[in-house]
Amino acid sequence: MKKQLLPVVALLLTCSLALAQKASFVAEVIDPKIDIGYGLATGDVDGDGREDILMADQKEIVWYKNPQQAKAPWVRYVLAKNLTERDNVCIAARDIDGDGKVEVAVGAQWNPGETRDLKQSGAVFYLAAPNDRTQPWEPVRLHHEVTIHRMHWVRKADGTYQLVVLPLHGEGNTNGEGASVQMIAFDVPENTRGLWPYQLLDTKMHMTHNFHPLEVSGNFLGLAVGGKEGAQVFLNGADGWASSGNWMVNNHGIGEIRTGTLGNGQLMTATIEPMHGTSLVVYTKDQRTVLNDKMKQAHAIVCADFLGQGRDQIAVGWREPNDNRQMGVRLYVGTNAEGTRWQEYALDEKVDMACEDLRAADLDGDGDLDLIAAGRSTRNVVIYWNQRK
C-alpha cells in the first residue's frame, strides 16, 4: 500500500490559559481505497503493545496493524466480510478480559428505512478471535432490534463489562414517530460463543443517533444518549438500566454527542445539531455556545487533550462540501476557562477528507494523542499525527 505523507497547518496557540505553545499535525493516508468507512475503533488487536486501527467498512470488518517502526506501512487484515446482505454500520473494540488484546463487536444489515422486519433490518455480531488474529474471526450472531446503528463496550462500576447497542429507530417507527428506541445491554457470558443475556431499555426517545459512555477518572457514571428530542442520561443500578430523568440537552435535535473536561473539575458536552447537521455546539453548566454553524452532514466528534493543556480540545468532521466548498476535520481550542470562546484550526487543508468518523489514540507511543479519520466519498483512512513534542 502506497503511503502519502502530507503537511498540515501548524498551530500556534497563545492564550490566557497557558504559555505560548506550539502544536502541529502531519496527515498520513494509510488506506486510499476504502468503500465507505462507517465506523472506526482503536485498540491493541494482536497484543504487541501498540494501538491498532479497526474499521467497519461497507462489506468488510478490517484492522490495520500498527507498524513497529516509523514510515513502515500499516498492513490491512480482514476480520470478517459479507456478514449480512446489506452494509456493516458500526464497530466496538475494547480489552474486556485483561489479556492485552481487544474484543470486537460489530453492527450490520444497515437498512434505516425498514423498521418492521427484523430479518431485513439490523444485526449484531460478536467476533470470536482465532489464535492467529490476522486470520478471519468467527461471527457469533446476537439478539438485535431494527436499524442497529451504534455500539460501545461499557465498563460498569463493579468492573465488569457490557456491550451496549443503540438502534436508530424503534420498531415500526416512521419518520421518527411511533415506537421509541429500545437500547440493548448485553452481559458478557463466560462462553462468548454461546447465548448472551441482554436487557432492553425503553429510552422513550424517538430516532436516536449516537451515545457516549460517561467515564471520568476510571469511574463509570452512565450513558449520554443523543437523538431527535435532545440528550439524556441513563444509569445502571441494581435493577439494570433506567433513565435518570436528567436531560443534558432538551429541545435540540442531536446527531453526535461526546463529553469532555474544561479542567478544574468542569465538564462539557459537545454535540452536532441536528442529526447530520450544520452546528457544533458546546454545553457547559450555564451556557450553550455554537462553535460552527456552517458544516454540512457533520458526523463525528472527539473530545480529547491533544495539546497537553489539562483540558480537552474538540475535533469535528463533516462529510459534504458546505457553502464555502469546505469539508473535513477541524480542531477547536478553548481560549477561556468558561468554555465559551474557542479558536478554530483546519487539520486537512492538504488532504481530501469527507469525514464519516473520528477517533483519538496515541498511535506512536509518544504520550500525545493522534487523530484518525475515515472519509466517506473520499474513500480514505487518514492519521493526523500529533507533532506537539
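Select Asp46 and Lys65 to begin: their side chains form a salt bridge, with N and O 2.4 Å apart. The term denotes a side-chain nitrogen of Lys or Arg within 4 Å of a carboxyl oxygen of Asp or Glu. This is a predicted model, in which local features need pLDDT of at least 70 and side-chain atom pairs count only at pLDDT 80 or more, while totals for chains, interfaces and linings use all residues. Residues are numbered from 1 along each chain as its sequence is written, and side-chain values use heavy atoms, with hydrogens and water left out.

Asp46 sits in the loop between strand 3 (39-43) and strand 4 (52-56), and Lys65 in strand 5 (residues 60-65), so the pair ties together parts that are 19 residues apart in sequence. Strands (E, at least two residues) are DSSP runs, as are helices (H or I, at least four), and both are numbered from the N terminus. Asp46 is partly exposed at 23% relative accessible area, and Lys65 is partly exposed at 24%. Here buried means under 20% relative accessible area, exposed over 50%, and partly exposed in between (1.4 Å probe, protein chains only).

**Further salt bridges**

Side chains of opposite charge can pair when their charged atoms come close. The structure has 16 salt bridges by the rule above. Glu85 is exposed, with 56% relative accessible area, whereas Arg86 is partly exposed at 26%.

Then select Arg330 and Glu344, where a salt bridge spans 3.8 Å from N to O. Arg330 belongs to strand 25 (residues 328-334) and Glu344 to strand 26 (residues 342-346), so this pair ties together parts that are 14 residues apart in sequence. Arg330 is buried at 7% relative accessible area, while Glu344 is partly exposed at 36%. Finally, display Asp31, Glu60 and Arg76, which are linked in a network of salt bridges.

**His299 and its surroundings**

Centre the view on His299, which lies in strand 23 (residues 298-304). His299 is buried, with a relative accessible area of 4%. The side chain of His299 makes a polar contact with the side chain of His276 at 3.5 Å. A polar contact is a pair of N or O atoms within 3.5 Å; within protein, one must be able to donate a hydrogen and the other to accept it, and residues adjacent in sequence count only if both atoms are side-chain atoms. The His299 side chain also reaches the backbone oxygen of Glu356, at 2.9 Å. Leaving aside residues up to four places away in sequence, the contacts of His299 (heavy atoms within 4.5 Å) include Arg150, His209, Glu256, Trp318 and Cys355.

**The cysteines**

Colour the cysteine sulfurs next. The whole structure contains zero disulfides, a disulfide being a pair of cysteine sulfur atoms within 2.5 Å. The sulfur of Cys90 is 17 Å from the closest cysteine sulfur, that of Cys355, which is too far for a bond. Cys303 is likewise in no disulfide, and its nearest cysteine sulfur, in Cys355, is 14 Å away. Cys90 is buried at 3% relative accessible area, and Cys303 is buried at 16%.

**A last stop at the surface**

End with Val216, Leu221 and Leu267, which make a nonpolar surface patch of about 250 Å². Patches consist of residues with over 30% relative accessible area and no salt bridge, with like charges joined within 9 Å and nonpolar side chains (Val, Leu, Ile, Met, Phe, Trp, Tyr) within 5 Å. Val216 is part of strand 15 (residues 208-216) and is partly exposed, at 33% relative accessibility.

Technical notes. Areas by Shrake-Rupley, 256 points an atom, 1.4 Å probe, with all protein chains shown as cover.
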